[in-house]
Number of protein chains: 2
Amino acid sequence: MSSHDRLAELTARLAAIHDLDKVVSLLLWDQDVMMPRGGAAARAEQVATLRRLAHEQFTAPETGRLLDELAPYAAQLPADSNEASLIRVARRDFDKARRVPADLRAEMSRTASLARAAWVDARAASDFPAFLPFLQKTIDLKRRYIECFEPTAEPYDVLLDDFEEGMTAADVRAVFEPFKQQIVPLIAAVAPVADRVSDGCLHGAFPVDRQREFCLSVVRRFGFTDEQWRLDPTVHPFETSLSVADIRITTRYYPDFLSPALFGIMHECGHGLYEQGIDPSLERTPLCRGASLGLHESQSRLWENLVGRSRAAWTFFYPALQRTFPDRLDGVDLETFYRAINKVEPSLIRVEADELTYGLHVILRFELEQEMIGGSLPLAELPDAWNARMKAYLGVDVPDAAKGVLQDVHWSLGFVGYFPTYTIGSIMSAQIWQSALADLPDLSEQFARGEFLALRHWLRDHLHRYGRKFTPRETLEKAAGTTAIDAGPYVAYLRAKFHDIYELG
Amino acid sequence: MSSHDRLAELTARLAAIHDLDKVVSLLLWDQDVMMPRGGAAARAEQVATLRRLAHEQFTAPETGRLLDELAPYAAQLPADSNEASLIRVARRDFDKARRVPADLRAEMSRTASLARAAWVDARAASDFPAFLPFLQKTIDLKRRYIECFEPTAEPYDVLLDDFEEGMTAADVRAVFEPFKQQIVPLIAAVAPVADRVSDGCLHGAFPVDRQREFCLSVVRRFGFTDEQWRLDPTVHPFETSLSVADIRITTRYYPDFLSPALFGIMHECGHGLYEQGIDPSLERTPLCRGASLGLHESQSRLWENLVGRSRAAWTFFYPALQRTFPDRLDGVDLETFYRAINKVEPSLIRVEADELTYGLHVILRFELEQEMIGGSLPLAELPDAWNARMKAYLGVDVPDAAKGVLQDVHWSLGFVGYFPTYTIGSIMSAQIWQSALADLPDLSEQFARGEFLALRHWLRDHLHRYGRKFTPRETLEKAAGTTAIDAGPYVAYLRAKFHDIYELG
């Protein structure tokens with residue numbers, strides 16, 4: 001068999017596995033958005049079957065044989081060719097996937113199902129002890145998972161690698177520590193003058209149908225089209241792509257609060273634009289997704305915050321918003337609205353946090369995760385540790401576990417090492433933004449005219465189109481000119497923005 | 001390995017294949033109901049991949065080995081046990097699936113894709129010659145398919161068996177011939193007095209949102225619940241089930257004509273009730289579906305016609321319908337409405353045909369299919385043969401191919417042998433109805449009070465719960481007390497109903 005034939009065979013195998021992955025995405029989208037409740041039991045089986053088949057097909061000996069045989073061929077190809085990238089990435093995924101025995105994988109999956117259900121009840125009852133044994137089991141399984149891999153500098157590195165390839169706990173700390181040192185005082189500086197900004201105009205009657213129409217009019221300017229996108233309501237907003245031309249985003253509307261849907265839709269649209277911008281030649285390959293969770297989040301945050309909470313964008317959108325909700329906004333001027341959507345207020349819940357305080361919610365979780373995995377924090381003491389750190393970083397008192405340690409679903413699902421990618425993403429968004437601004441210095445003027453196409457094209461050309469061909473660092477270099485994740489631009493952006501809004505002088 | 005272990009292994013294999021089949025159903029539902037147009041290319045790949053995997057998994061040598069080894073065990077089990085039924089039905093499916101070589105299967109699949117696209121264009125242009133080469137290829141492939149099987153009395157029998165297991169062309173003719181002999185004169189008798197019934201009250205402004213609400217109020221009484229069902233709009237109505245507790249029906253609303261959505265939804269609800277009524281112990285097995293297309297259609301027709309077009313049901317529903325559409329129906333009495341929904345009018349299009357003439361549309365197709373497969377009808381002469389038979393049976397002149405031979409999608413998809421099941425279903429619906437009436441003599445009084453539960457439970461107990469455990473004939477025997485498909489009750493029902501409505505004396 002020639003290398004060409006072998007590559008064709010590998011590509012066909014990986015294409016079928018990609019199809020299975022995408023079909024799982026549809027199963028989960030449908031489950032959250034469309035499925036009648038009665039379908040839950042069968043749906044769980046369908047998802048499990050497809051995941052099992054995808055895993056079996058991928059880890060089959062034939063995949064390894066093809067990868068082995070193709071290694072000399074790949075070495076001759078340009079490293080940035082689709083073919084060499086496919087072989088390189090598939091090799092890495094294969095080696096990781098083969099390390100975890102089927103029984104451990106099955107136990108992790110079973111435990112996640114049980115722990116997720118237990119978490120739902122425990123959160124409802126604000127009862128951390130009820131969740132504790134499931135968390136313990138989850139962490140124990142994570143330790144067994146870590147043992148499947150070559151030793152790393154810190155055990156946590158293995159977990160992080162699943163979400164942000166190549167990044168270590170030390171790398172993250174090196175980014176987060178100086179970030180924290182600069183943000184905590186900035187938040188403290190805002191506190192005494194908090195009353196300079198009110199978000200009163202965002203609360204009140206905002207009929208859901210008009211929210212939807214207005215939000216659609218915004219994201220249509222970002223790139224949403226009926227030909228390739230859907231927008232549907234759900235309890236927990238998310239984005240999923242079934243192909244580069246079938247992007248689905250969801251949101252949650254509050255009839256008495258404008259912000260969640262408005263900025264949530266921009267956020268999910270940012271994720272969707274990344275998926276939509278991947279080079280179509282990568283379709284049906286494992287390269288056809290974002291390079292990492294952090295880079296994905298950089299795109300959602302960029303559209304939500306750097307674009308969506310900018311004075312320039314609202315110079316264009318605000319008159320239409322006022323016409324949509326005249327009862328609420330007729331007497332509210334643009335500057336008041338702009339400040340309202342950027343109001344800073346240390347709070348208990350991560351997903352409701354403002355742009356300035358959000359990072360500390362994440363850093364707190366990152367620190368606790370390392371201690372849980374490292375063993376220095378007994379799990380029974382987790383709520384106290386959580387509450388103490390909330391007080392230290394954000395100055396807030398946590399009243400109960402539901403509003404504290406039990407608020408997020410991640411740990412119940414076994415997602416340990418996921419949280420840091422949120423703030424890594426925010427930080428990279430400012431690096432990428434700086435780079436885009438260098439090429440497109442009049443972005444603000446464009447936004448004020450309702451023009452967002454140049455930015456979208458720039459992001460596609462410098463980031464989106466590469467998909468997962470390169471490592472996250474290499475990909476960042478293409479978009480931001482550096483492989484180094486650097487909080488500098490993000491801190492500078494936050495400082496300038498909130499000094500201005502809160503007149504900190 | 002014990003028989004118990006072997007059965008567990010077979011059951012697990014078949015469960016995974018069932019999952020794949022159901023996921024394909026979701027992919028197709030989503031494609032028609034939800035998917036943005038841009039998703040079409042990837043969706044075709046996803047469907048093809050899942051179908052290929054399901055076929056590979058099912059026809060793998062392990063399946064055959066397990067079935068061989070389990071044969072002595074199955075022989076000791078009660079024939080009507082779930083276990084014996086599973087082994088028996090899986091054996092039959094396996095033997096059929098193994099007979100068709102992969103390359104023929106692939107060619108049929110490819111041809112169906114191309115022929116379907118060609119049919120869409122040909123129908124739009126009313127251009128039969130443009131479709132002819134695709135039809136020729138389809139029929140040629142059907143002949144090759146037939147050759148994969150043991151010789152049957154007539155080649156067409158092989159095709160029929162895929163849709164109505166165990167039924168032969170001779171069986172169908174023995175049912176259809178006397179039926180035709182009795183229906184043609186009945187239609188002719190109505191023609192001179194056609195003006196005794198007008199369906200004018202069904203045309204006019206029927207706002208779609210109110211149609212939806214009213215139709216839902218009807219099928220909720222039949223068994224539709226938000227917990228286990230969905231109703232969505234589509235161009236081509238259908239029913240699909242993703243589990244016995246996740247049933248999805250679709251419909252097409254006409255803003256100026258009430259009948260299509262109203263009776264279409266009842267029809268699809270009938271299909272859904274069959275799927276929903278299957279014993280939950282059969283979930284995730286190949287027994288978890290209707291016993292045949294004919295029996296499925298017996299249920300949709302029963303709810304659409306024997307229930308949904310009955311005077312008794314409208315005695316209950318009509319006041320609410322009048323309140324829903326007062327502008328259209330305030331001056332229309334129940335009897336006028338009842339006659340309107342049962343108006344007989346020979347027409348060109350099968351899917352728009354009334355209850356009395358529908359069967360002849362089917363018989364015409366059944367006759368032409370046999371001649372096409374047998375070779376006695378050159379395909380180029382098909383339009384003339386079609387038009388001549390439309391004139392003979394229904395007295396109508398076919399103006400063009402779009403309204404004639406090109407109206408249905410079935411042949412382009414390679415569905416030859418499918419049409420007869422529609423009328424087999426109508427005929428069985430009257431046999432089953434007769435049997436239900438013997439047990440529940442006051443059904444009409446129940447309907448007039450808005451009560452449909454006793455009928456649904458009777459159908460579940462006598463038909464639905466068995467799923468595909470038994471052959472269609474055996475299943476019919478459980479529901480109707482006979483293995484013989486007999487048009488007698490259906491003809492008697494039609495004669496009584498239309499003698500009454502048209503006052504034929």
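Ser25(B) sits in helix α1 of chain B; helices here are DSSP runs of H or I with at least four residues, strands are runs of E with at least two, and both are numbered from the N terminus. Set aside the neighbours within four places in sequence, and Ser25(B) is in contact with Thr240(B) and Leu242(B), where contact means heavy atoms within 4.5 Å. Phe366(B) is another story: 341 residues separate Ser25(B) and Phe366(B) in sequence, and their C-alpha atoms are 27 Å apart in space.

A word on what you're looking at: this is a predicted model, where local features need pLDDT of at least 70, side-chain atom pairs count only at pLDDT 80 or more, and totals for chains, interfaces and linings use all residues. Residues are numbered from 1 along each chain as its sequence is written, chains are lettered from A and ligands numbered from 1 in the order in which they are written, and side-chain values use heavy atoms, with hydrogens and water left out.

Now for chain A as a whole. Its secondary structure comes to 21 helices and three strands. The radius of gyration of chain A, taken over C-alpha atoms, is 23 Å, close to the 23 Å from the globule rule for 505 residues (2.2 Å times the number of residues to the power 0.38), so chain A is as compact as a globular protein of that length. Along the principal axes, the C-alpha atoms of chain A fill a box of roughly 75 × 50 × 50 Å.

How do the two chains relate? The same surface serves both, since 100% of the contact residues of chain B recur in chain A.

That contact takes 35 residues from chain B and 35 residues from chain A. About 2800 Å² is buried between them, with carbon and sulfur atoms giving 60%; buried area is the accessible area (1.4 Å probe) that two parts lose on being put together, summed over both. Met34(B), Pro36(B) and Glu227(B) supply 17% of the area that chain B buries against chain A, more than any other three residues.

There are also eight salt bridges between chain B and chain A, each a side-chain nitrogen of Lys or Arg within 4 Å of a carboxyl oxygen of Asp or Glu. Arg37(B) makes one with Glu227(A), the closest N and O atoms being 3.3 Å apart. On chain B, the side touching chain A draws at least two residues from each of α1 (3–33), α2 (40–59), β1 (229–233), β2 (239–243) and β3 (246–251).
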